Amino acid sequence: MKTDTTQRPSRGAAFKETVISKAEAKGMQLIAEAGTRRAEALEAAHKQAGSTATVADVQKQLRQQHERELAAASGKASRDLLIYRVRLVNEVFKKVEDGLAQFAAGKDYTKWMKTRLKSHETDIKNVDSATLFLRPADMALAGKLSAPANVQAREDRSIALGGFRLQCGHVLFDETLDDAMEAEREAFHESGLLAL
């Protein structure tokens, strides 16, 4: 499946910028909260220690407490950022999936299916018979796809978004939107860019 890559950097950059800016804002908020807690703890430690503890002892104790709090806050911020990123990614792919559903319901879908099937013309000619697997909603299109006589259409309930699988002998060609969507999800997790 050929994809248009002309807009990939701007979409990926915008997504990354959103995630980074949210993370930076959350990090600054956590640092400010830790500083406030440190000041409160310093004042409480001075009151509790009275005149028996030295300033160095109080500072050491507060530094250790501050480091523990900062480590805990950092861990929480990392978890929160990961949860936020997963939610954003899921929202992006839900929108892509909705767009694919609109495409599969539109007028250009049958034309796209014919074009994809025609690209396998040589593969079909090289076998005695071939099987075209379609999602249940597309079985009505089987006669409109101009498939050669040696191609038999069968329903495949595992295809949800659309497209088809074509089996020519021992070779299975996957032209499903489901496969394209999964490939984009994998590529996105590797690169952070979206091409669909």
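These are my notebook entries on a predicted model of one protein.

**Ground rules.** I number residues from 1 along each chain as its sequence is written, and I work with heavy atoms for side-chain values, leaving out hydrogens and water.

**Overall build.** I looked up the secondary structure and found 5 helices and 4 strands, taken as DSSP runs numbered from the N terminus (helices being H or I with at least four residues, strands E with at least two). Along the sequence I read the pattern α-α-α-α-β-β-β-β-α. Of the 196 residues, 30% count as buried, where buried means under 20% relative accessible area, exposed over 50%, and partly exposed in between (1.4 Å probe, protein chains only).

**Gly162.** I placed Gly162 in the loop between strand E2 (151-155) and strand E3 (163-168), and I noted that Gly162 is buried at 0% relative accessibility. Beyond its neighbours within four places in sequence, Gly162 is in contact with Tyr109, Arg135, Asp138, Thr176, Leu177 and Asp178, contact being heavy atoms within 4.5 Å.

**Salt bridges.** My search of the whole structure returned 8 salt bridges, each defined as a side-chain nitrogen of Lys or Arg within 4 Å of a carboxyl oxygen of Asp or Glu. I first examined Asp80 and Lys76, whose closest N and O atoms are 2.8 Å apart; the two are separated by about one helical turn because they stand 4 residues apart in helix H2. I recorded Asp80 as partly exposed at 27% relative accessibility, and Lys76 as partly exposed at 41%. I then turned to Arg165 and Asp156, which meet in a salt bridge at 2.9 Å, N to O, and both of which are buried. Asp156 and Arg165 also belong, with Asp174, to a network of salt bridges.

**Surface patches.** I looked for patches among residues with over 30% relative accessible area and no salt bridge, joining like charges within 9 Å and nonpolar side chains (Val, Leu, Ile, Met, Phe, Trp, Tyr) within 5 Å. Met28, Ile31 and Leu70 form a nonpolar patch with about 310 Å² of accessible area together, by the Shrake-Rupley method with a 1.4 Å probe and, for residues, only the protein chains shown as cover.

Definitions and conventions. Predicted model: local features only at pLDDT ≥ 70, side-chain atom pairs only at ≥ 80, totals over all residues.
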